[in-house]
Amino acid sequence: MNFSRALNVLILAFLGLNLFLVYHIYLPDLRLFAGSVTREEKQRLENNLQEYNYELNTELPSQTLKSSFLTVKPLHLDPSRLKQKYFRETEGVEALHREEANRVVYRCEQEGELIIYENGFYRFLVENKEGKEDTEEGSKETTVPEEEMHREKAREIAENFLKERGVKPQDAKYDIVKEYGPGNYGVVYYQKMPETNIPVYSQFIVEIKGQRVTKIESYWLNKLEYQKDREMEVIPVTAALVRLLEELGPGSRTRSIERVGLGYYNPVYDSRQEYRVEKWEIPPVWRVVMENGEVYYLNAFTGNLEEGIMRKE
Amino acid sequence: MEKIKMEKIKFIILFYLVIQSMVFTYILWFGSPDYEEIEYTVKEPYVFQERLDIEEAVTPSAVVMPRDGEGVYFLQPGMPACDTIWEKSRELLRDSRREETEALQAAGVEEPEAVFYFDPPFPLTGGILRAEEENIQVTGLEIYELPEDDGIREVFWKVHGYKEKGEEEKVLAGSSGSETWKDIKTEMEKAREKEARVYIKVKEEEIEEQLPEGMNAALQGDAGYIYLPGENVELSSLFLEKENFSAEKLIKAIFLDPNLVRKIEERDQDVIYTDGEKFLNFSGSSFKYSAPPVEGGEISPDYNQALKKAGEYLCHFGGWPPALRLEKVSYYAGDSHFREERQRYRARWNYYHRGFPLLGEGKGVWMEFNDRGLASYHREVWGFSRKEGVEKEIATASEVMEKIGGIYSGEDEENKAMPQTLKQLRLVYFAKEENESLAEPCWAAVFDREMLILQAHDLEILYKGEVEDEFFPGT
């Protein structure tokens, strides 16, 4: 190796070393990867998981992110269009107006009942024709044994139903299948925030019982607006999990955390329709899914558990 | 030549990179000595008003002065004279020294110059009555002027009240603030001529005689009597205006970090602000606040501490306008099993105009708090704008009693469940829900089970219903 080549190699080596040093000195200040989860925080979480009898079955995001509030409005769908979609034959559909509850009810003996509330929430109760006949005839169960019902099958049934009726919102994405009881599942969909693809956990649930859809509940959001000017750093995921464990307390059996992610949770949901909410802001949340489908939402700015926040005196 | 020149340049670059790497290594190893020390700035919450001393929190519910002839001169909250006389009297009381209880008898003075009634009790602390370090909750204060030749003392204070443990306490104190006492006397004289109304003392038995059969009177405070107007009173309706409130300032006062507050707009124009733990619900310029995590707290009974906290919360979260009077401070021992029934203090304030409180659905201020802080807070403060119509003579107390008899003795099915006991009868202003900016003069009769509000001129029933919080409807 001649002298010139040796110089080249040394220049490249020192250039690389300097870049590495600059990365470690200045990048935290540039805040591109600011506040990434420290070793101490990870250690604290591990201790807490052990102490409270939990195990972590997922990778955690290692960097702290910036986020902001999301302004949302309920999506008001045209009742007559919904009626057309949900009922295969609209001729026999009877419309009942219940003024006291600010809702419109469409009922069809053969197909079921569609209740559309003024605030955008709607519920479709599927007529259990087969079940009724079974009961009337006193025959044995015609459905497949409930034990055989799997989550994947439940999802398939839900997807087929939604496809057939064309009622699945365009921005709906499959989320999870919750198990309510033997053979009873809820197939849950979330809403995808335009452009950023950040999940918004609102409500679109298809309930399956005995291999058939029994109920659909929807409270979908409209006009999602990200408040760029209020962008703030969210708390590390480890801090959120420690907070959750403290809230839940020690378990008698080992429970596992299956999924953790950042998203938005819309807690303004109330099936009693007491709240006439028109427009509201939702904070980013750390969403934690347990092995049994239980879901917890922790405010990603404060670490507080987000529950039904609406209260009216 | 070219090659040598190129190698020289490379050598200079390498030398520079080596030096730079040494500097970076030093910075990374030892940290940067040039960084300025980080200054942590804790945002102070916005404060509407500095809190008042607890002795300023309680004002007299009435000031009674003797009168030649029948009745007494009567001053009530919301009358400027009532506030002035009390303010100066408090100053005089602050410099008082304890005296032997026989001293007043020895001085041969029998009739007080004025009597101050307190509901809620006035907190007489060591700081006010200089010679004593004990706390007395004062329900009545009598002020006596001594004969001029006494030389040392000019006035005696007879203090009626109880200590924190509930023992009844009577204390005698003497003051010698000549200038202050002269000022008080001048103000009392002015009040007699202008603002004071002539009232008469009416005993329970006299009231019972006029009540329908089966109804008795047990007047509030176990005094056995109430003061009622002794002369014709002329009153008109009032136009009110709501206090002008800045939501932005209140958010800064209530929430630790306003950046974390989210806004929820309702279809009926109500706006809720919340950080997930505290909820501030604005409806027009009134608001309701609640903090569910605070509701689970506890608190020990300590009247003075409760007054201090109540005053602090009101001052910090909206301010304490002078016409807003603290009406009640109650302690609830609660039930530890139910969060909503936990130990707490409840305080309420009412707006007063020239002696009479303003009542109505949602009117006034009330709050609940415990050791964790403010659990709930409602504020809807209206103030006097202008008179509506002419002042007209109102119905007398006897006419009111007759009307009550008619209402409850009637054969009407609705009135079969007659209340048993009359607890209070007083003049108030009342704003109906359908026209909340107009307050009408009314007679308010408070019974054990319900409350009756009668328009003071024609005795029309404006409200007849449950007493949810003593004699304040709609709370």
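# A tour of two chains

Begin by selecting Leu75(B), Phe116(B), Trp157(B), Leu280(B), Trp349(B), Phe369(B) and Trp443(B): among the 116 residues of the largest nonpolar core, these touch the most other members. A nonpolar core here is a set of buried Ala, Val, Leu, Ile, Met, Phe, Trp, Tyr and Cys residues joined through side-chain atoms within 4.5 Å. Next, colour helix H9 (residues 303–316) of chain B, which supplies the largest share of this core, seven residues. In soluble globular proteins, nonpolar side chains tend to be buried together.

You are looking at a predicted model, where local features need pLDDT of at least 70, side-chain atom pairs count only at pLDDT 80 or more, and totals for chains, interfaces and linings use all residues. Residues are numbered from 1 along each chain as its sequence is written, chains are lettered from A and ligands numbered from 1 in the order in which they are written, and side-chain values use heavy atoms, with hydrogens and water left out.

Stay with Leu75(B) and show its contacts (heavy atoms within 4.5 Å). Leaving aside residues up to four places away in sequence, its partners include Ala62(B), Met65(B), Ile85(B) and Glu195(B). Then show all of chain B: 50% of its 475 residues count as buried, meaning under 20% relative accessible area with a 1.4 Å probe, protein chains only.

Now move to chain A, and select Val104(A), Leu114(A), Val126(A) and Val213(A), which are included in a second, separate core of 28 residues.

Where does Arg165(A) sit? Look in helix H5 (residues 151–165) of chain A; helices are DSSP runs (H or I) of at least four residues and strands are runs (E) of at least two, numbered from the N terminus. Arg165(A) counts as buried because its relative accessibility is 10%. Its side chain reaches the backbone oxygen of Tyr86(A) at 2.4 Å. Beyond four places in sequence, Arg165(A) also touches other residues, among them Glu111(A) and Phe124(A).

Select Glu113(A) in strand E6 (residues 112–117) of chain A. With 15% relative accessibility, Glu113(A) counts as buried too.

The chain A average is 79. Over residues 132–145 of chain A, pLDDT stays under 50. Where pLDDT is low, the predicted coordinates should not be read in detail.

Technical notes: A polar contact is a pair of N or O atoms within 3.5 Å; within protein, one must be able to donate a hydrogen and the other to accept it, and residues adjacent in sequence count only if both atoms are side-chain atoms. pLDDT is the predictor's confidence in each residue, from 0 to 100.
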